[in-house]
Amino acid sequence: MQMTTIAISQPMQAHDDNTTIAPTSKPTHVIIGVSEGRLPRIVAITRGSVPAATSVAAAMTVESSTKKPDAQFPQTLDAGLQIGEMPTLLPTQSEGWTGTPAIQAARNGVEVFPKFTVTHIESNASSVTFDAADNIAKLALTMTVAIGSEGLIRVDTTLTNTGESPLTIQRMAPVLPLPPQVSEVESCTGHHLRERALQRQALTEGVFAKESRMGRPNFNATTLLTAGERGFGFEHGFVISAHVAFSGNTTTFIERTPYTHGVIGGGELPYMGEIELAQGETYHAPRLLVGIGEGLNEVSAKFHTYLRMLHPELAKPRPVMLNTWEAMYFAQSEGKVIALADRAAEVGVERFVIDDGWFKGRRDDTKALGDWQVDSTLWPEGLGTVAHHVHDLGMEFGLWFEPEMISPDSDVARAHPDWMLAPNGERLPMASRAQQVIDLTNPAAAAYVEHAIDTLVSEYHIDYIKWDHNRFLTEPLSPASGRPAVHKQTEAFYAIVDHLRDRHPGLEIESCSSGGGRIDAGVLARCSRVWASDCTDPVERADIQRGTSLLVPPEMIGEHISESPNHATRRATSLTMRASMAFFGHLGIEWNIMKLSDADLQQLKSWVDLYKQRRQDIPQGVLVHADTPDPAIRVDGLIAPDRSRAVFRFAVVSSSQDYPYGLVRLPGLDDAACYRIRPLGGITRYEQEFSPNCRTALSWWTDEGTSVDGATLTQWGIRPPQLAPEHAVLIEVTRE
């Protein structure tokens with residue numbers, strides 16, 4: 001097999017105070033091979049020095065390029081097809097691929113088997129775009145493979161119907177090859193209140209897929225699907241990770257056949273007949289994002305930078321917020337909310353958000369969704385009195401909505417029963433929380449929802465929307481079109497958010513979906529915050545936030561200090577544990593602080609003040625997680641991009657196998673530097689965290705701390721304080 005190679009490389013950028021990729025990260029390069037009669041394939045994805053490959057400038061055709069033997073193409077053996085398997089970016093049976101077809105389409109209910117021919121290629125130093133066509137099947141394909149400045153590989157794919165008859169799209173899932181050294185797969189599992197728990201298994205022959213058919217990624221969505229060397233961790237081992245940037249039904253998968261090392265890829269999961277193209281129409285598949293690195297920390301840093309570049313507002317201090325939900329649930333009144341706002345301002349809160357229960361008739365979760373008008377019995381003068389009061393206190397004003405849902409027991413549903421997604425005209429889908437899904441693919445319904453929100457944002461100068469999404473999309477047929485609606489429903493959601501942000505510059509929107517049910521790079525291109533979980537228990541949050549942070553930068557993750565015992569788990573924890581676990585993210589309070597004594601309120605305020613100081617010192621840091629052999633402990637760090645300072649959290653989530661704890665390393669620091677380590681905020685803050693069994697003091701645990709070289713901290717470690725289980729401390733690290 002003869003092949004032409006094209007090399008593209010990660011654009012280089014200088015490391016400065018705004019660079020959040022770890023300085024030790026090596027640049028990414030991709031070599032793409034083009035062979036006559038086949039779509040392009042990935043020859044290699046490498047890190048480090050630029051590979052010696054033929055770079056093609058501007059434009060080329062396969063016929064005019066210089067070819068050389070393909071050093072990776074397999075021999076043909078007995079009992080198979082004429083050509084051995086070497087999957088392209090969109091492998092099909094026409095090229096000898098026997099795995100899952102990457103593209104599935106049909107005309108008049110009959111499968112189309114495409115065979116694409118590359119017609120044109122454009123490339124530059126960091127991207128390559130190729131056009132291909134099947135003139136018999138009447139298909140035109142365009143794919144772009146690019147490397148962003150953060151080091152992620154971006155695969156964008158479009159398919160156009162060039163035939164006269166409609167074309168139904170069933171699957172469009174580009175893939176990249178796995179290198180030979182990978183042998184394990186890591187993904188996420190979970191459920192409500194236990195989202196994104198990491199799970200691992202051997203890479204075996206067959207398909208491992210994380211699929212969602214719930215109209216959103218859901219609680220068990222794999223933020224990153226990763227293949228890696230045996231025993232890889234956050235800090236070590238080669239890994240390759242994939243993510244599909246879309247908020248509807250998706251699949252992210254790894255497939256290995258007996259004939260290949262395997263592929264990793266993903267795409268949308270449309271229902272039958274959901275995506276149909278008329279002649280000349282084009283389907284844009286969701287972007288596939290792929291990163292490689294030495295350990296998950298390096299790959300995650302690339303995804304963090306990718307998302308940060310989409311949200312310049314994240315570089316500003318993230319305002320401390322208070323959300324009213326766990327403070328009062330549905331028992332809202334103007335007087336209670338104003339009193340809570342006054343108390344919040346005393347603590348140092350900068351954004352005050354009224355949660356579910358403010359609109360007419362909403363006294364519980366069984367009715368009134370969709371009636372987005374202010375309840376005059378609760379707010380005699382509308383929300384204006386509260387909104388003005390909050391703004392006068394110097395805080396931003398936020399409001400909860402669940403715009404994609406509708407209660408059958410609501411004025412809007414009674415007026416427009418055809419606005420609900422339903423399998424047929426005789427019944428609705430199985431109820432969830434006594435609510436259904438409003439059909440945003442119906443232009444009238446979408447216009448109503450957008451206008452209702454826009455009116456309130458304008459009238460009350462709303463700065464922030466908590467956008468919830470509390471049910472699965474099951475049997476999601478649109479009465480307006482007669483077709484399944486998840487794809488267009490997702491696009492309609494995107495459009496409403498985009499319109500609101502365009503009309504109201506500075507408006508921030510949080511993606512909340514029963515907590516963490518909709519967290520992906522599609523929604524995060526528009527929303528600058530996610531609510532990771534309805535579980536605010538800090539012990540549970542230790543791993544929920546770790547799994548979330550594989551994709552999401554910490555300042556986009558809502559991490560709140562809540563009441564103890566926790567409302568979801570009934571577990572009692574110290575304020576220090578709760579505040580420490582919320583310290584790296586976007587800090588909030590989920591608590592009826594009206595019940596606090598003045599002394600307790602001052603203690604909470606001291607944590608808010610300490611967070612604000614950290615926010616100033618490290619506004620956007622490199623988040624690292626340490627690999628530790630002890631399953632009882634978690635070591636996480638937030639490091640300034642120049643590695644001049646950091647904060648590390650040492651948390652104990654259960655009884656340890658070691659007594660006392662073994663040494664813990666602080667990864668990500670500069671080996672050549674010398675650092676001072678000490679308790680962040682002073683030793684008195686952590687007096688109640690220590691185990692009652694301690695007989696002696698820890699020598700370095702003083703307000704002055706001690707000086708340790710970076711190599712010792714990163715490679716060997718320090719003795720941590722002996723904490724009681726379910727307690728935590730924060731360690732300040734400053735270059736001397």
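Mentor: Buried means under 20% relative accessible area, exposed over 50%, and partly exposed in between, with a 1.4 Å probe and protein chains only. This is a predicted model, where local features need pLDDT of at least 70, side-chain atom pairs count only at pLDDT 80 or more, and totals for chains, interfaces and linings use all residues. Residues are numbered from 1 along each chain as its sequence is written, and side-chain values use heavy atoms, leaving out hydrogens and water.

Trainee: Which residues of α6 are called buried?

Mentor: Ala445, Ala446, Val449, Glu450, Ala452, Ile453, Asp454, Leu456, Val457 and Tyr460. They pack against β26, α4, β27, β30 and α7, with contact meaning heavy atoms within 4.5 Å.

Trainee: What makes residues 443-460 a helix of the expected span?

Mentor: Helices are DSSP runs of H or I, at least four residues, and strands are runs of E, at least two, numbered from the N terminus. The expected span is 1.5 Å times one less than the number of residues. With 18 residues, α6 reaches 26 Å, close to the 26 Å expected.

Trainee: What caps the N-terminal end of α6?

Mentor: Asn442, with a side-chain oxygen 3.0 Å from the backbone nitrogen of Ala444. Past the helix, His461 takes a positive phi of about 50°.

Trainee: How do you know which strands pair with β20?

Mentor: Strands pair if DSSP finds at least two bridges between them. β13 has three bridges to β20 and β19 has six, so both pair with β20. Both run antiparallel to β20. Pro177 partners Val263, while Thr251 stands opposite Gly267.

Technical notes. Polar contact = N/O pair within 3.5 Å; in protein donor to acceptor, adjacent residues only side chain to side chain.
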